[in-house]
Amino acid sequence: MAEIKAEPAHHHTLLIPDTDNSAQKPHKTQRVASLDVFRGLTVALMILVDDAGGEWPMIGHAPWHGCNLADFVMPFFLFIVGMAIPLALKRIPSRGEAVMKVVFRTLKLLFWGLLLQGGYSHAPDNLSYGVDVTMIRFCGILQRIAFAYLVVALAEIFLKDAQPEATLAGHFSVFRLYCWHWLVGGCILVVYLALLYRTYVPDWQFTVQNKDSVDYGKAFTVACNMRGKLDPPCNAVGYIDRQVLGIDRMYQRPAWRRTKACTENSPYEGPFKPGAPSWCHAPFEPEGILSSISAILSTIIGVHFGHVLVHLKGHSERLKQWIIMGFALLILGILLHFTHAIPLNKQLYTFSYVCVTSGVAALVFSAIYIMVDIWDLKYIFLPLKWIGMNAMLVYVMAAEGIFAGFINGWYYKDPHNTLVCFPSTYSIFSQHK
C-alpha cells in the first residue's frame, strides 16, 4: 500500500513508495503540509470575502461577468478536493472499501450542506432558525463539492490504469497514464457546452418570495424565447434549475441584483432603480445543476496535480508540470474571455472561468509548495495549516455563522444585550442598585 513519506530534512522531498512486502516495517504516513496550508488559505479567504465582500464589492462576487477575489474560493476548494483524491485513495487497498469511504464522505458533505445552506440556519446572528420544508434549498457550496468529489473519486477508483504505479518520465506521461480521466472531462465539457448553447429558453414567470421585499407576492414575467444567451435572465443554467429544482428552492438574493441594470448603486447592493428589468427580482441558483456539472472539471484538474505529486519524485519535475499547466490554463481562460468567445462567469461556471481559476490555483499551490515543502517554512504557515486540517470545523463554526450565533446566544436580561453588543449598549455598572 502506498504512503507518503518524507525524506531526511536536508532534502524535504515527499516520496510515494509502493511496496507489498508485509515483512518490511511500514512507513509512517505524513500529510502533505502544502496542501493543508492551501486549504487553510482558501477557508480564510472565504471568511474574509463573506464578512467584507458587502463593504468592498471589488473582493465580493462579480455581479455577473468577470472574476473577483471571492470567485476564486469555490474552484480553489474543488481543486484541493481533486488533488487530495489520489493521495487518499492510494492508502486504501480494496476497491469496495474505497467506494464505501467515498459514499460516506459524500453523504456527510450533503448532510452539512443541506443543514447549513438549505435554509434551516438562515439568521444565526439573530437567533433565528427553521425552514419551510417546501422551500428547502437543495444546492449549495458543500453540495457542489460533494457532487464533484463523488464523480471524480469514483472515476479514480474504476478508471485507474492497471499498470504498476511507478515513477514516470516525460512531460505527458501522467496524462497518458490517466487518459480515461481526461476523456471523462472532455465528455463533461461537451455535454455542458451543448446544453448551455443549445437549450431553448422560453418566457418564464415568477412570484417574489422574499418577505422583506416591497414587491413580496408580486408576479413578474421575463421575456426570452431564445437559445445560446449568457445574460442573466435567459441562460440555460437558470432555465434548467427552474425546471428541475423549482424556482422556490433557488437562492433568493443572487449577485446579479448588483448589476448596473438593476441598481444605481452597482457594484454595491441597493434599491432597484425605476424601470429595472423584471428579472432583477428573480432568484437564481449559483450552485445549480448545469454549473455543477461544469465544476467537475476543476476537480479533474486538481486530480491531475495529485497524480503528479504521487508519480514524480523530484521537486523540479513536479513544479515544471504544475507551473506550465497553470500558466497554460490561465492564458487560455484569459484569451477566451477577452476575445468574447466565452466570458468569465462564476454563476454559469463557464469554461473560461474553469481555466482561469484552475490556473491561478495551480500557481498559488506551486508557490506554497516551494515555501512549505522545499524551503521548509512551515512555522510561518502554522495557523493556516491548522485551519486546513480542521476545515470543516472552521467552515461550520465561522463561515456559516454558527460561531456568531453561539456568541449572540448569550445575553444579559434582554436578547438585544448579547456578548457582542452588550459592552457598547449596556453596562452592568449603570444598573439600579
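The model is predicted, so local features need pLDDT of at least 70, side-chain atom pairs count only at pLDDT 80 or more, and totals for chains, interfaces and linings use all residues. Residues are numbered from 1 along each chain as its sequence is written, and side-chain values use heavy atoms, with hydrogens and water left out.

**Exercise 1.** Find which cysteines form disulfides, and describe each link.

Solution. 
1. Apply the rule: a disulfide is a pair of cysteine sulfur atoms within 2.5 Å. The count comes to two disulfides.
2. In one, the sulfur atoms of Cys224 and Cys234 are 2.1 Å apart. The angle about this S-S bond is -90 degrees, and the link is left-handed.
3. In the other, the sulfur atoms of Cys262 and Cys280 lie 2.0 Å apart. Here too the link is left-handed, with -90 degrees about the S-S bond.
4. Counting bonded cysteines along the chain gives the pattern 1-2, 3-4.

**Exercise 2.** Decide whether Cys262, Cys280, Cys139 and Cys179 are buried or partly exposed.

Solution. 
1. Take the cut-offs: buried means under 20% relative accessible area, exposed over 50%, and partly exposed in between (1.4 Å probe, protein chains only).
2. Cys262 has 0% relative accessibility, so Cys262 counts as buried.
3. Cys280 also stands at 0% and therefore counts as buried.
4. Cys139 has a relative accessible area of 11%, so Cys139 is buried.
5. Cys179 reaches 42% relative accessibility and therefore counts as partly exposed.
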